[in-house]
Amino acid sequence: MSSSYGGPLLPLCDGAKDGFVRVRKSDLERLTTEVMQLREFLPRVVNSDLIDMLHKTRVTQTVKEHLTQEQEHLQQECLHLQSRLNVLQIECQREREEKLLLREQLWQSGAELQQQADFCFSLGSAVCSLLWNCSTREDMVKQWLADGTLPAFLAVATQTLRSFVSTLDEDVKSRYEDYNTQEYQFVLALTGTITNIAAVTCGRDFLSSSAHGLLDTLIKLLELMKPGVFPKLKVLMLMGLYNASISVKGLKYMIENPALLPLIRTLLEDRSWEVCLHCLRLLQSILLEDVAQPSLGAALLDTDLQVRIRGFTSSVQPSLRLLAQQTLADLQVLMQVQGCKQ
């Protein structure tokens with residue numbers, strides 16, 4: 001093998017223990033020159049920028065390896081998420097189909113429930129119409145009270161009217177504009193039966209002592225019904241309250257209700273003259289009883305109330321005009337009584 005500096009490589013000297021070799025002087029000089037040149041030019045080539053570049057290269061290589069590993073990890077996660085997405089899409093489609101099925105079943109159930117409700121209201125309307133006719137007979141009301149069916153009937157009636165009240169409280173106009181619905185006819189017949197029961201002495205006494213919840217419900221329902229809504233139903237309820245007010249116990253209970261007198265003022269603004277007529281009848285019943293004067297005396301003498309009643313004295317309806325005149329006369333008597341007490 002020949003040397004890179006030219007000439008053959010001399011073998012080791014025999015007996016050379018320290019590994020010395022023989023080289024030509026020219027080769028040694030050339031090697032020395034090259035080493036000196038390297039010492040001179042190497043610092044110029046290998047400067048700080050190159051070192052920084054080498055360092056950045058190593059860092060970049062490390063970052064690249066890290067990013068490669070991160071990319072592989074993200075690819076695995078992406079595959080996993082894609083798999084889960086496929087599973088969730090299948091479940092979502094299945095739930096969508098189940099939802100559509102349940103919606104169809106709900107619609108069918110709602111339709112069936114509405115049919116059942118219509119049937120119940122139709123049946124209730126028919127039954128209550130029969131009861132309404134039967135309740136005109138005093139002996140029938142006495143029989144209901146004697147055999148114990150009257151309390152159960154009034155309890156059901158109270159609950160039914162309360163349900164009607166809660167419905168009115170939500171939206172009275174949109175649902176009950178049609179007066180010919182079976183539900184309205186049912187409530188109308190139910191109220192008419194109650195009114196007839198209150199017209200009988202034994203029935204009136206029972207309402208005044210054991211059916212306070214029903215009286216409160218009638219007042220509450222009248223309070224919720226807006227002007228011009230259900231005039232016939234309002235008349236029946238006012239007739240029922242008037243019949244109950246004939247009993248001293250019934251009147252005492254009703255005047256303790258703080259909503260009674262504001263209700264009367266409101267109903268006197270109703271567009272139906274019949275409502276105003278029966279409202280005046282209830283007011284006159286209150287005026288004629290001494291038990292009402294201590295608690296309602298000052299409120300009954302309210303100027304606005306008298307002005308409203310005086311307006312009815314020019315009504316074209318003879319019965320309303322006459323009753324308004326009588327009520328004003330009763331108010332004059334009450335004013336005189338109050339003046340004497342003062």
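Colleague: Is Tyr-184 buried or exposed, and what about Phe-230?

Modeller: Happy to start there, with the reminder that this is a predicted model. Phe-230 has a relative accessibility of 0%, and the cut-off for burial is under 20%. Tyr-184 and Phe-230 are both buried.

Colleague: Which kind of aromatic pair do Tyr-184 and Phe-230 form?

Modeller: Their ring centres lie 4.8 Å apart, with 25° between the planes. Planes under 30 degrees apart count as stacked. The pair of Tyr-184 and Phe-230 is therefore stacked.

Colleague: How many residues apart in sequence are the parts that this pair ties together?

Modeller: Tyr-184 belongs to helix 5, residues 182-199. Phe-230 sits in the loop between helix 7 and helix 8. The parts tied together by the pair are 46 residues apart in sequence.

Colleague: What kind of pair do Phe-164 and Phe-230 make?

Modeller: The structure holds two aromatic pairs. For Phe-164 and Phe-230, the ring centres are 6.2 Å apart and the planes meet at 35°, so this pair is tilted. It links distant parts of the chain, with Phe-164 in helix 4 (residues 149-175) and Phe-230 in the loop between helix 7 (212-224) and helix 8 (231-245), 66 residues apart. As for the kind of pair, the word is tilted.

Colleague: Which residues form the aromatic cluster?

Modeller: Phe-230 pairs with Tyr-184, and Phe-230 also pairs with Phe-164. Phe-164 is buried, at 2% relative accessible area. The one cluster is made of Phe-164, Tyr-184 and Phe-230.

Colleague: What is phi of Phe-230 near?

Modeller: Most residues other than glycine have a negative phi. Phe-230, in the loop between helix 7 and helix 8, has a positive value instead. Its phi is near 50°.

Colleague: How are helix 5 and helix 6 oriented to each other?

Modeller: The axes of helix 5 and helix 6 (residues 201-210) come within 5 Å and cross at roughly 105°. Residues that meet there include Ile-194 and Ile-197 in helix 5, and Arg-204 and Leu-207 in helix 6. Angles of 65 to 115 degrees count as roughly perpendicular. Helix 5 and helix 6 are therefore roughly perpendicular.

Colleague: Leaving aside neighbours within four places in sequence, which residues is Leu-280 in contact with?

Modeller: Leu-280 is one of the residues that touch the most other members of the largest nonpolar core, which has 69 residues. Nonpolar side chains tend to be buried together in soluble globular proteins. With those neighbours left aside, the contacts of Leu-280 are Leu-268, Ile-309, Phe-312, Leu-320, Leu-323, Ala-324 and Thr-327.

Methods: Residues are numbered from 1 along each chain as its sequence is written. This is a predicted model: local features need pLDDT of at least 70, side-chain atom pairs count only at pLDDT 80 or more; totals for chains, interfaces and linings use all residues. Side-chain values use heavy atoms; hydrogens and water are left out. A nonpolar core is a set of buried Ala, Val, Leu, Ile, Met, Phe, Trp, Tyr and Cys residues joined through side-chain atoms within 4.5 Å. Buried means under 20% relative accessible area, exposed over 50%, partly exposed in between (1.4 Å probe, protein chains only). Contact means heavy atoms within 4.5 Å. Rings of Phe, Tyr and Trp (its six-membered ring) pair if their centres lie within 6.5 Å; planes under 30 degrees apart count as stacked, over 60 as edge-to-face and the rest as tilted. Helices (H or I, at least four residues) and strands (E, at least two) are DSSP runs, numbered from the N terminus. Axes are lines fitted to C-alpha atoms, for helices over the stretch in contact, and angles run from 0 to 180 degrees between N-to-C directions. Angles under 35 degrees count as roughly parallel, over 145 as roughly antiparallel, 65 to 115 as roughly perpendicular and the rest as oblique.
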